[in-house]
Amino acid sequence: MFDEILSWPFAFVLPTLWAIGFARANGTYWVGRGANRGYREVRSERRENPTYQRAIVLLHRYGVVAVALCFVTIGLQTAVLLAAGATRMPLRRFIPATAVGATLWSVLYSTVGLAVVHAWLLAVAGSWWAAIGLVALVFLGGVALLLRRRRQRIDDAVAAETAKHIPAD
């Protein structure tokens, strides 16, 4: 299956991934926008989700830049897109930011993402170079985990700051 994907021409993969990213982002936005009324009625502890609070803070601070750059994050993208919908970000700002973000995401996944899949396939086939690449990926994953733990401490501080700005029910 992966061999087939790797054989697809780049000129097909890139726009296909862009369309998937763009459609997913807009669908998530509209779910958030539809949930806007329900958001106000939800019990306060559901609104205290640290990831969602971080997304709200990012949107208030960076606006459309947060939307565009959330595409290159893991674990924050959905929260930012939902928050953009829930806060009713104007479509004239959201759509261009989503187009830029989908472009970043599709380029990243159509180049690096497929290279990782290819390295994994070569490692399974017995290539030393692919095995070295996978070891490097595991090392980078460990570094990312350490940075994530550090970011969690920062998120806790952001959540405390956000709690000051969210009115209590």
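In which helix of the chain is confidence lowest, and in which is it highest? By mean pLDDT (the predictor's confidence in each residue, from 0 to 100), helix H4 (residues 44–47) is lowest at 52, and helix H2 (residues 10–34) is highest at 89. The model is predicted, with local features needing pLDDT of at least 70, side-chain atom pairs counting only at pLDDT 80 or more, and totals for chains, interfaces and linings using all residues. Residues are numbered from 1 along each chain as its sequence is written, and side-chain values use heavy atoms, with hydrogens and water left out.

**The chain as a whole**

- The chain holds 9 helices and 0 strands, where helices (H or I, at least four residues) and strands (E, at least two) are DSSP runs numbered from the N terminus.
- Along the sequence the pattern reads α-α-α-α-α-α-α-α-α.
- The average pLDDT of the chain is 79, and 78% of the residues score at least 70.
- Of the 169 residues, 28% are buried; buried means under 20% relative accessible area, exposed means over 50%, and partly exposed lies in between (1.4 Å probe, protein chains only).
- The accessible surface comes to about 11000 Å², and carbon and sulfur atoms account for 68% of it; these areas come from the Shrake-Rupley method with a 1.4 Å probe, and for residues only the protein chains shown count as cover.
- Counting contacts (heavy atoms within 4.5 Å) between residues at least 6 apart in sequence, 78% join residues at least 24 apart.

**Helices H2 and H7**

- The axes of H2 and helix H7 (residues 77–86) come within 6 Å and cross at roughly 50°.
- Axes here are lines fitted to C-alpha atoms, for helices over the stretch in contact, with angles from 0 to 180 degrees between N-to-C directions.
- H2 and H7 are therefore oblique to each other; angles under 35 degrees count as roughly parallel, over 145 as roughly antiparallel, 65 to 115 as roughly perpendicular and the rest as oblique.
- On the H2 side, the residues making the contact are Arg-24, Ala-25, Thr-28, Tyr-29, Val-31, Gly-32 and Arg-33.
- On the H7 side, they are Gln-77, Thr-78, Leu-81, Leu-82, Ala-84, Gly-85 and Ala-86.
- H7 is largely enclosed by the rest of the structure, because 8 of its 10 residues are buried.
- Those buried residues are Gln-77, Ala-79, Val-80, Leu-81, Ala-83, Ala-84, Gly-85 and Ala-86.

- Asn-26 lies in helix H2 and counts as buried, at 11% relative accessibility.
- Not counting residues up to four places away in sequence, Asn-26 touches Phe-94, Ile-95 and Thr-98.
- Trp-18 is also found in helix H2, but counts as partly exposed at 30% relative accessibility.
- Leaving aside neighbours within four places in sequence, Trp-18 is in contact with Ala-99, Ala-102, Thr-103 and Ser-106.
- Trp-18 and Val-100 are 82 residues apart in sequence, while their C-alpha atoms are 9.7 Å apart in space.

- Arg-88 sits in the loop between H7 and helix H8 (91–125).
- Although Arg-88 is not a glycine, its phi is positive, at about 60°.
- Arg-88 is partly exposed, with a relative accessible area of 43%.
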